[in-house]
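Student: I would like to go through this model and check each term against its rule.
Tutor: Go ahead.
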Amino acid sequence: VGADVTEPMADMFERVARDIIPSVRSYLLRRLTPAEADDVLSDVLVVMWRRRHSMPAGAEAAWSLGIARECLANARRTESRRRSLVECLVHLSPRDEEWEGPPLRDERVSRALSKVSPRDRELLLLRAWDDLTVGEIAIVLGTTPGTVSVRLHRAKQRLGAALGSTTHAVPAATAEGKHEASAP
Amino acid sequence: MKRLHLDYDGALDELRGLLSAQDPLRHRGPQSLTESQVAVRIATAMRPARGVAAGGRGRRVRVAAQVAAALAVVVAAAIWAGGSDGPAATGTVVALRLPASSGDLQCVRPTVEGLRDHELAFLGTVESASPAEVTLRVTRWFAGAVDAETVTLKTVDGAAATEFGATEFVGGSDYLVAASDGLVEPCGFSGPATESRLADYDKAFSK
């Protein structure tokens with residue numbers, strides 16, 4: 001700890017930024033196109049620098065992902081405004097599913113993920129894709145580990161139920177735009 | 001048809017495995033950023049008001065430059081060990097000269113091969129810019145004087161150092177500079193640190 005006190009802020013920031021760029025970039029690449037991800041990464045670094053005085057020692061990575069999460073939401077708001085304008089212009093109805101990331105390989109998992117709430121989905125993916133611990137997820141979301149633990153458990157159950165229901169809904173060709181009843 | 005049983009932890013782990021298998025990066029494999037892309041992003045974040053490459057992007061490289069006569073690399077402190085190979089800077093400052101501009105000649109786009117021939121190449125941020133002298137803090141050396149942290153630029157003919165052909169040196173902005181024989185290479189080789197120029201430098205000087 002003592003050594004960090006004397007480290008100039010700019011050097012410290014640069015060191016932390018180098019450390020966290022790979023995980024923040026991976027987080028963004030999982031949820032955006034590569035070009036969008038790199039744009040948002042630049043935003044994340046700017047926000048990190050502005051908030052550098054509140055960077056928690058020892059939890060820099062999770063703190064940075066929390067900022068990435070905010071920047072991602074911001075980027076999506078901008079994107080969805082653009083998309084809804086396009087949808088209005090060409091008379092398309094808004095998409096049913098809410099998964100906004102890149103398409104997943106397994107249609108069944110993709111459909112199940114679309115059925116759970118965005119909050120459940122976020123928790124599940126922070127754990128399964130970004131490989132964060134419950135404590136780290138708590139920092140990202142600005143809540144307590146206990147809360148994360150409980151929510152995560154419930155989210156898994158709901159995803160399990162959604163998966164169960166999608167396995168029964170076999171004929172994929174008919175489903176366009178139709179909501180299937182979700183499992184009780 | 002598979003149904004998950006949720007009453008025991010094994011099923012929840014299975015669920016996690018199922019999700020992990022859908023990780024987009026598992027199939028895409030992220031291309032990592034190059035060292036210089038990382039350096040520019042960090043440097044830019046620390047000066048949010050400016051951004052990389054003032055006035056550079058998409059601008060046509062007009063030119064500049066008639067190679068002026070004489071220059072010399074002057075490395076403050078101790079330098080170019082006479083007759084030894086290449087730049088042997090041991091000081092912390094390298095002084096380079098900007099060739100005189102002769103109006104707006106058209107330059108060909110610089111090639112990666114052409115870039116590779118330069119003795120010195122670096123990415124730096126303008127710390128101060130006055131007509132008399134421009135000072136850059138080096139973020140990364142691609143070639144040459146790896147010990148030096150600062151590079152100063154002066155024109156050979158006393159013209160303003162802040163205007164170098166189509167390039168304007170602005171405090172806080174990032175530039176890529178290539179030089180040989182103490183003379184900065186104009187004509188698109190040196191200029192604002194745009195993504196495309198950075199990519200050229202990466203290609204030219206990657207080991």
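Student: Which residue is the bridge partner of Ala95(B) in strand 5 of chain B?
Tutor: The partner is Thr152(B). This is a predicted model, where local features need pLDDT of at least 70, side-chain atom pairs count only at pLDDT 80 or more, and totals for chains, interfaces and linings use all residues. Residues are numbered from 1 along each chain as its sequence is written, chains are lettered from A and ligands numbered from 1 in the order written, and side-chain values use heavy atoms, without hydrogens and water.

Student: What makes strand 2 and strand 5 of chain B a pair?
Tutor: Two strands (E runs of at least two residues in DSSP, numbered from the N terminus) pair if DSSP finds at least two bridges between them. Strand 2 (residues 93-98) and strand 5 of chain B have 6 bridges, in the parallel sense, so they pair.

Student: Why is strand 5 of chain B called mostly covered?
Tutor: Buried means under 20% relative accessible area (1.4 Å probe, protein chains only). In strand 5 (residues 150-155) of chain B, 5 of the 6 residues are buried, so the description holds.

Student: What makes the contact of Arg30(A) with Asp23(B) a salt bridge?
Tutor: The rule asks for a side-chain nitrogen of Lys or Arg within 4 Å of a carboxyl oxygen of Asp or Glu. The closest N and O atoms of Arg30(A) and Asp23(B) are 2.8 Å apart, so the pair qualifies. The rule finds 3 salt bridges across the interface of chain B and chain A.

How values were computed
Buried < 20%, exposed > 50% of the residue type's maximum accessible area, 1.4 Å probe, protein only. Helix = DSSP H or I, 4+ residues; strand = E, 2+ residues; numbered from the N terminus.
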